[in-house]
Amino acid sequence: MRVAIQGTVGSFSEAAARRRWPELEPVACHEVQDVVAAVRAGDADAGILPIENSLIGSVTSTYDLLQEAFGDGALRLTHEVMLAVHHTLMGLPGADLSGVRRVLSHPVALGQCRIWLGKYLPRAELVSAWDTAGSAEIVAREGNPALAAIAARHAAEAHGLVPLADRIEDDPSNQTRFLTFTQAEAPIPQSPSGPFKTSLIVCLDHKPGSLALTLQAFGARGVNVTALQSRPERSKPWTYRFYVDVAGAATDPRVAEALEEIEALAAEMVILGSYEAWPDGALRFATAVPTPAHHLKKPEVPLVDRRRNPEGTVVAVRDLVFGGESPVLIAGPCSVEAEAMILETAALVAEAGGDMLRGGAYKPRTSPYDFQGLGVKGLRYLARAREATGLPVVTEVLSWEEVPLVAHFADMLQIGARNMQNFSLLRAASRSGKPILLKRGAGATIEEWLMAAEYVLAEGNPNVVLCERGIRTFERATRHTLDLNAVALVRERTHLPVVVDPSHAAGVASLVAPLSLAALAAGACGLIVEVHPNPSAALSDGFQSLDPEQFAALAKQVHPARTQKPRVAVTA
Ligand code: PEP
Ligand code: MN
């Protein structure tokens, strides 16, 4: 195996290439472009390029070469190699550190030893050479004891020099990432087995959101972007190329879909290749992406089907269980309106014997002019209310982009009625790993509701609690019509627990208590009700919100044994 390396024998590129191919025959090249040329010309079977260093970042000379080198599809990346990089300062036998006046090395290596050089050789002249091992060769040839080179320790032996100082890199974790490549037609030099990465170049038009859309193409599908680099377009000032690395192979369905989308959007896209990732490289931060359900064989029995777990599934949210012995009483305002207001509501919910706090930070409102929720502030206030009362928090997430943010604060994610069939949201919510409260759409059939739950389960998250919240019928006397048929029926059809939201079903506070009791009688394992310290002043859904006394009365009926003693210490 002839492998083109930048630098001479003893260089870091050679050491990196040997980690993949211990028996290789090095083809020494002066510059990175010569490495590419050697492989194109067939003078080497493969090439290796340094791409990034953990201390100083990107090797820009490599990045700037990639589009030209790979743009015509003649070459493709094959492997990633990570190499721990330790530097040694070396000089002629008999030379002394105090006599060193000039230090030669590759500019990247000089950059990695800046702190050490500033401390021990502050007056030495730093001279960029084409290669680390090559600078050792120059020092040996010049025969001047005032000259020293920075290179790998084994380069000293290779060129008859002696180490003057070892491990002089600024950080002991110093590592360089290399990529190997071959001609596109060549067989893959080693059968790939490990996880893959894909690298691509994207050239974008200057339009708002075009970079975000590129990244979202991956984000929406749960594909982890492991690196992003931009480099200026040479002949077009203030325009940029973006270099993106993602976890997964270009043939993985999710990556393939994202690439198709990016290609449609970008002025230009070049796929540099999919290659075997280095096992303990940056990929360890990436989560594995399961194959999308529609690429798998359809299960004979849906994942939600009761036959899969006739005993019924129990969903845990912190120390609470849905589907256990005791009904779960979730209560709180429609929206989080202010910090004091949510703390006050949480305290009254806890004191009355409620189990969990609800409250919308992001509100789906019929009118765009209505209060839309406090957003991130609302999430923070909910987290403080949890701290103060010990009550776990459920809150609604409206769009897939906000799932990581909402999941960061919430114990359970609510998918609202209006979003029950927002499938990208369901997938992203599933991937968050948080338990999901899945409300039934006001116009959704039971089958559609269960299939929405199937989306969450198929994406890998088994923790779904269904929520019946009323459907739209011809009846106008109430906001919606609470479908208790559905509660009893889904208990037959699915093993997932089901709760009822009587507040949105009725739209009026006086009906909440009787509907709650009916729901429990029909088999619901819990309730989610709206309560507000002062319903007439509520910013949303005040008419259907219980006041503190009404809630305390309901809680007493739901948890008759508990209301004497608060379940949690209230410190708010
Ligand atoms: C809510 O719980 O505040 C809400 C908006 O509910 P739904 O999605 O059921 O309308
Ligand atoms: Mn509401």
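Which helix gives the most to the lining of the largest pocket?

**Figure 1. The whole protein chain.**
This overview shows a predicted model. The protein chain has 18 helices and 25 strands. Its C-alpha trace spans about 95 × 50 × 45 Å along the principal axes. The radius of gyration of the protein chain is 31 Å, whereas a compact globule of 572 residues would have a value near 25 Å. Of the 572 residues, 52% count as buried. The protein chain exposes about 24700 Å². Carbon and sulfur atoms supply 53% of that area.

**Figure 2. The largest pocket.**
Helix 14 answers the opening question: it gives 4 residues to the lining of the largest pocket, the most of any element. The pocket holds about 590 Å³ of space. Its lining is made up of 23 residues. Those nearest the centre are Pro 292, Ala 293, His 294, Tyr 455 and Ala 458. By class, the lining has 10 nonpolar, 2 polar and 11 charged residues.

**Figure 3. The second largest pocket.**
This view turns to the second largest pocket, with a volume of about 380 Å³. Its lining has 24 residues. Gln 6, Pro 50, Val 59, His 106 and Val 108 lie nearest its centre. At least two lining residues come from each of helix 1 (12–20), helix 2 (32–41), helix 3 (60–70), helix 4 (107–112) and strand 11 (175–183). Helix 4 has the largest share, with 3 residues. The classes here are 10 nonpolar, 12 polar and 2 charged residues.

**Figure 4. The largest cavity.**
How many cavities of 30 Å³ or more does the structure hold? There are 2. The largest cavity, shown here, has a volume of about 50 Å³. Residues in its lining include Ile 51, Tyr 63, Leu 66, Arg 177 and Leu 179. Ser 199, Leu 200, Tyr 243, Val 244, Asp 245 and Leu 272 are also part of the lining. Helix 3, strand 11, strand 12 (196–203) and strand 14 (240–247) each supply at least two of the lining residues. Strand 14 has the largest share, 3 residues. The lining divides into 8 nonpolar, 1 polar and 2 charged residues.

**Figure 5. The second largest cavity.**
About 40 Å³ of space lies in this cavity. Which residues line the second largest cavity? They are Arg 358, Gly 359, Gly 360, Lys 363, Val 394, Thr 395, Glu 396 and Gln 414. Strand 20 (residues 393–396) gives the most to this lining, with 3 residues. By class, the lining residues divide into 1 nonpolar, 4 polar and 3 charged.

**Figure 6. Arg 318 in its loop.**
Phi of Arg 318 is near 50°, a positive value in a residue other than glycine. Arg 318 is found in the loop between strand 16 (315–317) and strand 17 (320–322). Is Arg 318 buried or exposed? Arg 318 counts as exposed because its relative accessibility is 57%, and the cut-off for exposed is over 50%.

**Figure 7. Asp 541 in its loop.**
For Asp 541, a residue other than glycine, phi is near 55°. Where is Asp 541? Its place is in the loop between strand 25 (526–530) and helix 18 (548–558). The relative accessible area of Asp 541 is 21%, so this residue is partly exposed. Buried would require a value under 20%.

How values were computed. Residues numbered from 1 in each chain as written. Chains lettered and ligands numbered in written order. Predicted model: local features only at pLDDT ≥ 70, side-chain atom pairs only at ≥ 80, totals over all residues. Heavy atoms only, no water. 1 Å grid on protein atoms, 1.4 Å probe; cavity = no way out; pocket = protein on both sides within 12 Å on 5 of 7 lines; lining within 4 Å. Points joined across faces, edges and corners; volume = space filled by probe spheres on them. Nonpolar A, V, L, I, M, F, W, Y, C, P; charged D, E, K, R; others polar. Rg over C-alpha atoms; globule rule 2.2 N^0.38 Å. Buried < 20%, exposed > 50% of the residue type's maximum accessible area, 1.4 Å probe, protein only. Areas by Shrake-Rupley, 256 points an atom, 1.4 Å probe, with all protein chains shown as cover.
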